[in-house]
Amino acid sequence: MRKVIGVLLAIALVTGVALVANRPGPAGAQGGGTIEATVTYAGAPVVEKLKVNKDTEKCGTEAVIEKVVVGGNKGLANAVVSVPGAKGGAPKTVKTVVDQHGCKFVPHVSAMTPGEMDLKNSDDILHNIHTYSTANPSINKAQPKFKKTMTEKFEKPEMVKLTCDVHSWMLGWVAVVPGVAAVTDNNGVAKLENVPAGKQKIEVWHETLGKQDKEVDVKAGQTTKVSFEMKGK
Ligand SMILES: [Cu+2]
């Protein structure tokens with residue numbers, strides 16, 4: 001009987017947590033607009049290749065480090081587009097997850113609001129997470145093959161650089177942004193939803209091409225298009 005009560009309690013707890021997670025955002029988040037940002041770069045892609053002689057079964061024999069990814073119509077991938085002032089946008093129900101797969105951080109760049117994220121290790125080998133950050137405490141810890149997920153906290157807005165001390169070529173970025181944010185796809189497009197109406201500053205960040213910003217007038221229930229052309233440094 002005690003067991004049954006325990007199970008019922010557990011179900012109630014899980015349901016309760018799910019309800020809280022799915023609750024609509026604070027007032028003001030409703031009636032927002034959508035921003036469709038296109039980020040382009042006229043320069044050439046930058047890809048570094050490195051011979052690998054460690055854990056080749058999982059890592060392969062060559063590491064491909066894509067520093068600048070340019071797709072169709074000069075679209076720049078892996079750029080973070082954000083509206084830092086748009087606090088209380090869409091409630092985040094899905095935790096940001098970065099996987100270590102094929103000795104790469106996947107996705108290479110991700111965005112999250114301050115809080116927790118999960119670092120997965122689907123490679124079945126030892127990785128060692130080492131972050132380079134200044135606003136948040138640095139993380140430097142082993143993730144052995146049996147540790148499938150590690151939950152980490154980034155509470156301050158910052159671009160956190162992810163590296164691995166076991167595989168020197170591994171590089172990733174987690175953009176911790178207070179407001180609404182998204183990462184551009186292979187066409188250089190990022191869609192930001194539930195952006196509060198009114199004048200908003202839109203920021204773009206790319207790991208090697210730097211930062212830009214623009215002010216945009218967001219209209220409720222409408223999609224506002226904005227474009228950025230990144231310049232080489
Ligand atoms: Cu590693």
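**Exercise 1. Which residues does the disulfide join, and where do they lie?**

Solution. Step 1: Cys59 and Cys103 are joined by a disulfide, with an S to S distance of 1.9 Å. A disulfide here is a pair of cysteine sulfur atoms within 2.5 Å. The structure holds one such link.

Step 1: Cys59 is in helix α2 (residues 56–59), while Cys103 is in the loop between β5 (96–100) and β6 (105–106). The pair is 44 residues apart and links distant parts of the chain. Helices (H or I, at least four residues) and strands (E, at least two) are DSSP runs, numbered from the N terminus.

Step 2: The angle about the S-S bond is -55°, and the link of Cys59 and Cys103 is left-handed.

Step 3: Classify the ends by relative accessible area: under 20% is buried, over 50% is exposed, and in between is partly exposed (1.4 Å probe, protein chains only). Cys59 counts as buried because its relative accessibility is 9%. Cys103 is buried too, at 1%.

**A note on the model**

This is a predicted model, in which local features need pLDDT of at least 70 and side-chain atom pairs count only at pLDDT 80 or more, while totals for chains, interfaces and linings use all residues. Residues are numbered from 1 along each chain as its sequence is written, and side-chain values use heavy atoms, with hydrogens and water left out.

**Exercise 2. What is the mean pLDDT of the chain, and how much of the chain is buried?**

Solution. Step 1: pLDDT is the predictor's confidence in each residue, from 0 to 100. The chain averages 88, and 84% of the residues score at least 70. Over residues 11–29 the pLDDT is below 50, and this stretch has eleven contacts in the model beyond near neighbours in sequence. A contact means heavy atoms within 4.5 Å.

Step 1: The chain has 233 residues, of which 41% are buried. The chain contains two helices and 18 strands.

Step 2: Take the contacts with a separation of 6 or more. Residues 24 or more positions apart account for 61% of them.

**Exercise 3. Which residues coordinate the copper ion, and what is the geometry of the site?**

Solution. Step 1: List the donors, which are N, O and S atoms within 2.8 Å of the metal (3.2 Å for Na, K and Ca); water is not among the atoms, so sites may look incomplete. The copper ion is coordinated by ND1 of His127, SG of Cys164, ND1 of His167 and SD of Met170, at 2.0 to 2.6 Å.

Step 1: Along the chain, these donors follow the spacing H-x36-C-x2-H-x2-M.

Step 2: Check the angles. Four donors count as tetrahedral if all angles lie between 85 and 135 degrees. The angles at the copper ion are 99 to 131°, and the site is tetrahedral. The ideal angle for four tetrahedral donors is 109.5 degrees.

Step 3: Cys164 and His167 are both buried. For Cys164 the relative accessibility is 4%.

**Exercise 4. Which polar contact does the side chain of Lys95 make?**

Solution. Step 1: Lys95 lies in the loop between β4 (80–83) and β5. Lys95 counts as partly exposed because its relative accessibility is 35%.

Step 1: Leaving aside neighbours within four places in sequence, Lys95 is in contact with Glu116, Met117, Asp118 and Thr151.

Step 2: The side chains of Lys95 and Asp118 are joined by a polar contact of 3.1 Å. A polar contact is a pair of N or O atoms within 3.5 Å; within protein, one must be able to donate a hydrogen and the other to accept it, and residues adjacent in sequence count only if both atoms are side-chain atoms.

**Exercise 5. Is Ser133 buried or exposed?**

Solution. Step 1: Ser133 lies in the loop between β9 (127–132) and β10 (140–143).

Step 1: Ser133 is buried because its relative accessible area is 13%.

Step 2: A polar atom of the Ser133 side chain lies 3.2 Å from the backbone oxygen of Asn136. Beyond four places in sequence, Ser133 is in contact with Ser138, Glu158 and Val160.

Key:
Tetrahedral: all angles 85-135°; square planar, octahedral: opposite > 155°, others 65-115°.
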